[in-house]
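Keep the structure open while you read.

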Amino acid sequence: MKKNQIQFQRGYSLLELFNDYGSEEQCTQALFKWKWPEGFICPECGSQSFCTLKSRKVYQCNHCHHQTSLTSGTIFASTKLPLSRWFLSIHLVTQSKTGLSALELKRQVGVSYNTAWGMKQKIMQVMKEGDDRKPLSGIIQLDDVYWGGELQGGSRGRGSKNKTPFVAAVSINEEGHPIAMNMNVVKGFRLTEISRWANQHLEPGSTVVSDGLACFSAVKDANCNHVSIITGGGPQSVTKTEFAWVNTMIGNVKNAITGTYHSINSNHLPRYLAEFCYRYNRRFQLKDLLPRFAYVAVRTPPMPLRLLSMAEDYG
Ligand SMILES: [Zn+2]
């Protein structure tokens, strides 16, 4: 697909959103369908027979009398917000091209800052889970990056202190155009870490192109081929065509994160990275972003309160 086909594809407008998911009844019906596509299944006994306790929005199993709700066990668990606000937030975050800060979400959805921050983190967590299920394949450019430290926005260079290491990977097609990308925080650039990462995020049989950093040979543990290109370091190394796309993507994501968020805590970096990869990987699918997102959301476990009390990120 050419660039203008991405830009001019049929999207999904706010008017369509309000038309499809403007009322609680519409949202409830939609969520039911995404949670139980084959009809209700009791999480306790597997029975399909149920009745609805309307007053408490609870579904009760006719066999074992277990009670469950649409949101229990999902990322929406124990929410006090109407589903329509959630759907609006999901729409705004997934459709935003450069990222939407919690402050902006607070204004556009009409909730408190802390509520917006919590929703934003949960939405990004779903994006991360969605992308974690999609390993890259084919020809993959791989690079090591650091985030934070003295230079906000991250920098290149290895062994930097107080910085968060992450791997950036971009799959390209035979014409050399980028297909999908993946950015994941790792504990360090060690063989065991890269092996663990590769087994989760790469399809066996892929060909990985990296520079000479020794740990990258661990992609062979995931049955991938490895081509190592010695760059010699220095400013020339980043312009090598073998790494052109991964370097472009790293630059884009760093600019987008620093442009949208004043500062972010490195504990949350995996989710901010996932936000940009998720959107990029679905750039041809703007029309059905919401149903696809919701399908993953009802399969994403609740986020611990501990994580959500860390609203120190500003933005
Ligand atoms: Zn049951």
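Let's start with contact, which here means heavy atoms within 4.5 Å. With that in hand, take Thr300, which sits in the loop between H10 and helix H11 (305-308). Leaving aside residues up to four places away in sequence, Thr300 touches Gly73, Thr74, Ile75, Gln125, Val126 and Glu129. Is Thr300 buried or exposed? At 0% relative accessibility, Thr300 counts as buried. The cut-offs are these: buried is under 20% relative accessible area, exposed is over 50%, and partly exposed is in between (1.4 Å probe, protein chains only).

A word on ground rules. This is a predicted model, with local features needing pLDDT of at least 70 and side-chain atom pairs counting only at pLDDT 80 or more, while totals for chains, interfaces and linings use all residues. Residues are numbered from 1 along each chain as its sequence is written, and side-chain values use heavy atoms, with hydrogens and water left out.

**The overall picture**

The protein has eleven helices and eight strands; these are DSSP runs numbered from the N terminus (helices are H or I, at least four residues; strands are E, at least two). Of its 315 residues, 50% count as buried. If you take contacts between residues at least 6 apart in sequence, 61% of them join residues at least 24 apart.

Helix H4 covers residues 83-95. Ten of its 13 residues are buried, so H4 is largely enclosed by the rest of the structure. Among the buried ones are Trp86, Phe87, His91 and Val93. What do the buried residues of H4 pack against? They pack against helix H2 (14-21), helix H3 (24-35), helix H5 (102-109), helix H6 (113-132), H9 and helix H10 (289-297).

Helix H9 (residues 269-281) has a matching length check: at 1.5 Å a residue, its 13 residues should span 18 Å, and its end C-alpha atoms are 18 Å apart, which agrees. (The expected span is 1.5 Å times one less than the number of residues.) Twelve of the 13 residues of H9 are buried, so H9 is also largely enclosed by the rest of the structure. The buried set includes Tyr272, Phe276, Cys277 and Tyr280.

**Salt bridges**

Side chains of opposite charge can pair when their charged atoms come close. A salt bridge here is a side-chain nitrogen of Lys or Arg within 4 Å of a carboxyl oxygen of Asp or Glu.

| Pair | N to O distance |
|---|---|
| Arg282 and Asp131 | 2.7 Å |
| Arg196 and Glu193 | 3.0 Å |
| Arg279 and Glu275 | 3.0 Å |

Arg279 and Glu275 are four residues apart in helix H9, so they are separated by about one helical turn. Both Arg279 and Glu275 are buried. Salt bridges that share partners join Lys120, Glu275 and Arg279 into one network.

Arg196 and Glu193 are three residues apart in helix H7 (residues 191-201), again separated by about one helical turn. Here Arg196 is partly exposed, with a relative accessible area of 40%, whereas Glu193 counts as buried at 6% relative accessibility.

Arg282 and Asp131 meet in a salt bridge at 2.7 Å, N to O. This pair links distant parts of the chain: Arg282 is in the loop between H9 and H10 and Asp131 is in helix H6, 151 residues apart. Arg282 counts as buried at 5% relative accessibility, and Asp131 does too at 6%.

**The zinc site**

Which atoms hold the zinc ion? The SG atoms of Cys42, Cys45, Cys61 and Cys64 coordinate the zinc ion at 2.3 to 2.4 Å. Donors are N, O and S atoms within 2.8 Å of the metal (3.2 Å for Na, K and Ca), and water is not among the atoms, so sites may look incomplete. The angles among the four donor atoms are 103 to 114°, and the site is tetrahedral, a label that asks for all angles of four donors to lie between 85 and 135 degrees.

In sequence, the donor residues are spaced C-x2-C-x15-C-x2-C. Cys45 lies in the loop between H3 and strand S1 (50-53) and Cys64 in the loop between strand S2 (58-61) and strand S3 (67-68), so this pair ties together parts that are 19 residues apart in sequence. Cys45 is partly exposed, with a relative accessible area of 36%, and Cys64 counts as partly exposed at 32% relative accessibility.

Terms used: Four donors count as tetrahedral if all angles lie between 85 and 135 degrees; four count as square planar and six as octahedral if opposite donors are over 155 degrees apart and all others between 65 and 115; anything else is irregular.
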